[in-house]
Amino acid sequence: MASPRLKTASPPEFLNNFKIPDYILVPDYKVENFEVDGDVPKCPVLVFVNSKSGGQLGGDLLTTYRALLNQNQVFDLLEQAPDKVLSTIYANLEKLKLLGDQFAIKTMERLKLIVAGGDGTAGWLLGVVCDLKLSHPPPIATVPLGTGNNLPFAFGWGKKNPGTDPRSVEAFLDQVLKAKEMRIDNWHILMRMRAPKEGSCDPIPPLELPHSLHAFHRVSEADELNMEGCHTFRGGFWNYFSMGMDAQVSYAFHSERKLHPEKFKNQLANQSTYAKLGCTQGWFFASLAHPASRNIAQLAKVKFMKRHGQWQDLYIPPSIRSIICLNLPSFSGGFNPWGTPNRNKQRDRDLTPPFVDDGLIEVVGFRNAWHGLVLLAPNGHGTRLAQAHRIRFEFHKGAADNTFMRIDGEPWKQPLPVDDDTVVVEISHHGQVNMLATHICKSKSMYDPSSPRLGDEEDDSEEEDSVSEEFRKFGAADTFKIRDDVDPSLLS
């Protein structure tokens, strides 16, 4: 049944900038020839919507996009996985390209993606694009439909849930038409551990890990953890990895939402509940509610690599209860924990502004929620610990049997060693992906003439050739997908 046509605020010619004809979207579509009436659209788009995100908003947005555009270019992520959609469409585009179809060739060159959902949904699509190694990877615009919406905010798309009426959708499309492309770093995460036989995180296996971390059943022969009973998980992120009390609060929020989904129908209610949990979990009074044995320095030995070369030990102040490895200048609803170091600190500590395409991740620490409130002040920032091309956390037997971790808004309760085993979490740079950014974009590129320049980027090609198989693939296209037991509405 066709979607109802909605009244629009713009002339039909405006929407023609975005529409893609069926013969490009549907393989083996029967046409007389490969010529299409009219010009190639200036900004052809494929739209992916998580219809469960934002309460009713996701479904409403899906209906509006399908009414304004070709229904075959708008996809519900609950029904069609993006890796299969993109693989099919790009295979058809490549076939048409071999036939010399100029319309198809130009469409592929100009193609853009729109993803509507929470940060987890956006990360899912970015992971797929990263892994598919498309011949002409399309840049991606993100519609904020989640709770935090850090990804959309970092690139100027806002952090409030958007309107779903035709006028609002057309305004967003107009922004996509005018947006600039910006490359951002991808970050690969690898976790190695022996599956615990007992402890507070039972039942194990399986661990309740985020959908972006998945099992990689083989480790390299040279790996000391390559033994029976050990597991390796890998995945990736674009915004942040965090560990400690901030992740604990997030875990409490997600657990509550899983138990009582009816209480989490709008963004304002979600944010209010999140703030309350910050108090009840002791994040504001961490010195009283949080035992010192769970501070980061007592839990893990941390090493980092500034550039290619030797690992260095990273000093973590004893009072730090939360550590954040940040790629984008947007955390916890749009705050920038790194800030912008002044020239003296840049010189004395070898620090740089937080560029999103320099191959470095910013590592920041916080003592408690009160410490986090410094981000409300101009130039406020956390405790800057390091900038790293790679960073490794090693957990050995200690006073705590678990900690809390979070990747791009998805938290989990991580068991820690209870004997002489080691849990290793390693984060490393893994290429880049194209994003779309508006004129009010918060993120900064090292290649933007208006930004301070760094030295020339080191070539990663030699290192990429030498890494083991665990690091070669981001993992999205094959297994980085929503599991059957995961509610897609929770990907925010």
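Colleague: In this predicted model, helix 4 (residues 82-98) packs against helix 6 (residues 119-132) at an angle of about 40°, with the axes 9 Å apart. Why is helix 4 called oblique to helix 6?

Modeller: Angles under 35 degrees count as roughly parallel, over 145 as roughly antiparallel, 65 to 115 as roughly perpendicular and the rest as oblique. The angle of about 40° therefore makes helix 4 oblique to helix 6. Axes are lines fitted to C-alpha atoms, for helices over the stretch in contact, and angles run from 0 to 180 degrees between N-to-C directions. Helices (H or I, at least four residues) and strands (E, at least two) are DSSP runs, numbered from the N terminus.

Colleague: On what basis are the residues numbered and selected?

Modeller: Numbering starts from 1 along each chain as its sequence is written. Local features need pLDDT of at least 70 and side-chain atom pairs pLDDT 80 or more, while totals for chains, interfaces and linings use all residues, and side-chain values use heavy atoms, without hydrogens or water.

Colleague: Which residues of helix 4 and helix 6 meet?

Modeller: From helix 4 come Pro82, Asp83, Leu86 and Ser87, and from helix 6 come Trp124, Leu125, Val128, Val129 and Leu132; contact means heavy atoms within 4.5 Å. By class, this contact of helix 4 with helix 6 holds seven nonpolar, one polar and one charged residues. Here Ala, Val, Leu, Ile, Met, Phe, Trp, Tyr, Cys and Pro count as nonpolar, Asp, Glu, Lys and Arg as charged, and the others, Gly among them, as polar.

Colleague: How does helix 4 relate to helix 5 (residues 102-110), and what is the angle?

Modeller: The two pack at an angle of about 135°, with their axes 8 Å apart. Helix 4 and helix 5 are therefore also oblique to each other. Tyr90, Leu93, Glu94, Leu96 and Lys97 in helix 4 meet Ala104, Ile105 and Met108 in helix 5. The residues of this contact of helix 4 with helix 5 divide into six nonpolar, no polar and two charged.

Colleague: Why is Pro210 called buried?

Modeller: Buried means under 20% relative accessible area, exposed over 50%, partly exposed in between (1.4 Å probe, protein chains only). Pro210 has a relative accessible area of 4%, so Pro210 is buried. Pro210 is found in the loop between strand 5 (180-194) and strand 6 (213-215). The C-alpha atoms of Pro210 and Trp412, 202 residues apart along the chain, are separated by 6.8 Å.

Colleague: Why is Val26 called partly exposed?

Modeller: The relative accessible area of Val26 is 28%, which means that Val26 is partly exposed. Val26 lies in the loop between helix 2 (22-25) and strand 1 (45-49). Not counting residues up to four places away in sequence, Val26 touches Asn72 and Asn92. Val26 and Asn92 are 66 residues apart in sequence, and their C-alpha atoms are 7.9 Å apart in space. Asn92 is one of the buried residues of helix 4.

Colleague: Why does Lys133 count as exposed, and what is its phi?

Modeller: The relative accessibility of Lys133 is 59%, so Lys133 counts as exposed. Lys133 lies in the loop between helix 6 and strand 4, and its phi is near 50°, a positive value in a residue other than glycine. Most residues other than glycine have a negative phi. Gly100, which follows helix 4, has a positive phi near 80°.

Colleague: How many helices and strands does the chain have, and what part of the chain counts as buried?

Modeller: The chain has 17 helices and 17 strands. Of its 492 residues, 56% count as buried.
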